[in-house]
Amino acid sequence: MSKSIALKEPHPPGDFAIWVIIYVEFITFALLFLGYAFSRRLDVELFNASQLAVNQTSGFINTFILITSSYFVVKAVQSIRNMTQESQKESNIQASKWLLLAILCGIAFLGIKITEFSHIFGMGIHLSTNKYFMFYIMLTVFHFLHVLLGSGILFIIYKKTKIYGYLPNDSKGIETGASYWHMVDLLWIVLFPLVYIIR
Amino acid sequence: MPNLKRILEIIWVVLVILTIFAYLLGYLKYVNASLVAVLLVTTFIKGQLIIDYFMGLKDVKLKYRLIPTLWLGVVISLIAVAYYLPVTS
């Protein structure tokens, strides 16, 4: 009852180095988002016409996939955080199951994106086709690479859970990977309406 | 404690509902100037939910929570400026 006023943690979850990387990514993507938004102002018709070539449905499915994968990652982190000396094995098994689901989501995202890219590039569209596609390709390919890296990080954490490698009070590693994955999700949350929906 | 566990599920449902809303606006070609504002506000809400509950910054010192919140707020505000500011030729 006396715990109603919760104490705030002094630092964000995971290794602080990942947060420095996350802040740099924020700045990089902010410049790209604003580059897109302010370039669009100068040629709204071109952006609206070009946007018709991208598949909003695959963008929506990918948003759903990333949100769901982020949820799975939080559940994995919770499994490790709530671990006790007695539940070490069970907690690692539980976390590995959540992580596997998150990795499968990451693979699904990449698969859908590759299909989308092959459709776009198959139409003969490339970086210099026009400004809309220059930003579309730069933003989505750059984000694709982040999902690829994030999936790799989740896989490394998954492998550690498979050997029951996490111990009680040892959640920093999984929190670090999770923070990166949530950043990838957060960036897509802004990218999806900006590039696929707003016209 | 059980409530805390359920919060994550509720957040996921809210994120999915807001995403469906954004998609339907685009799919049904309902996107107009006033709905873009609504879309940007819902994008901010989605981002803030991820920052607070998925990244877990709700329980961290305010300055660490403010960095991504300010980033999100500034980016979305400037996207709104770019969208609504009249082009002067």
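Two residues are taken to be in contact if their C-beta atoms, placed from the backbone, lie within 7 Å. The structure is a predicted model, in which local features need pLDDT of at least 70 and side-chain atom pairs count only at pLDDT 80 or more, while totals for chains, interfaces and linings use all residues. Residues are numbered from 1 along each chain as its sequence is written, and chains are lettered from A and ligands numbered from 1 in the order in which they are written.

In chain A, 86% of the contacts between residues at least 6 apart in sequence join residues at least 24 apart. Helices (H or I, at least four residues) and strands (E, at least two) are DSSP runs, numbered from the N terminus. On this basis chain A has six helices and zero strands. The C-alpha atoms of chain A fill a box of roughly 60 × 35 × 30 Å along the principal axes. A residue is buried if 20 or more other C-beta atoms, placed from the backbone, lie within 10 Å of its own, exposed if 12 or fewer, and partly exposed in between. Of the 199 residues in chain A, 42% are buried.

Chain B has three helices and zero strands, in the order α-α-α along the sequence. Buried residues account for 34% of its 89 residues. The radius of gyration of chain B, taken over C-alpha atoms, is 16 Å, whereas a compact globule of 89 residues would have a value near 12 Å; the globule rule is 2.2 Å times the number of residues to the power 0.38. The C-alpha atoms of chain B fill a box of roughly 55 × 35 × 15 Å along the principal axes. Among contacts in chain B between residues at least 6 apart in sequence, 57% join residues at least 24 apart.

The contact between the chains takes 37 residues from chain A and 35 residues from chain B. On the side of chain B, two or more residues are given by each of α1 (2-27), α2 (33-54) and α3 (62-84), with the largest share, ten residues, coming from α1(B). This side has 27 nonpolar, five polar and three charged residues; Ala, Val, Leu, Ile, Met, Phe, Trp, Tyr, Cys and Pro count as nonpolar, Asp, Glu, Lys and Arg as charged, and the others, Gly among them, as polar.

Axes are lines fitted to C-alpha atoms, for helices over the stretch in contact, and angles run from 0 to 180 degrees between N-to-C directions. Angles under 35 degrees count as roughly parallel, over 145 as roughly antiparallel, 65 to 115 as roughly perpendicular and the rest as oblique. The axes of α1(A) and α3(B) come within 8 Å and cross at roughly 10°, so α1(A) is roughly parallel to α3(B). Residues of α1(A), including Tyr23(A) and Phe26(A), meet residues of α3(B), including Trp71(B) and Ile79(B). This contact has 15 nonpolar, no polar and two charged residues.

A nonpolar core is a set of buried Ala, Val, Leu, Ile, Met, Phe, Trp, Tyr and Cys residues joined through C-beta atoms within 7 Å. The largest such core has 79 residues, and those with the most contacts inside it are Ala76(A), Leu99(A), Ala102(A), Leu194(A) and Ile79(B). The helix α6(A) gives the most to this core, with 17 residues. Leaving aside residues up to four places away in sequence, Ala102(A) touches Ser69(A), Phe72(A), Val73(A), Ala76(A) and Leu154(A).
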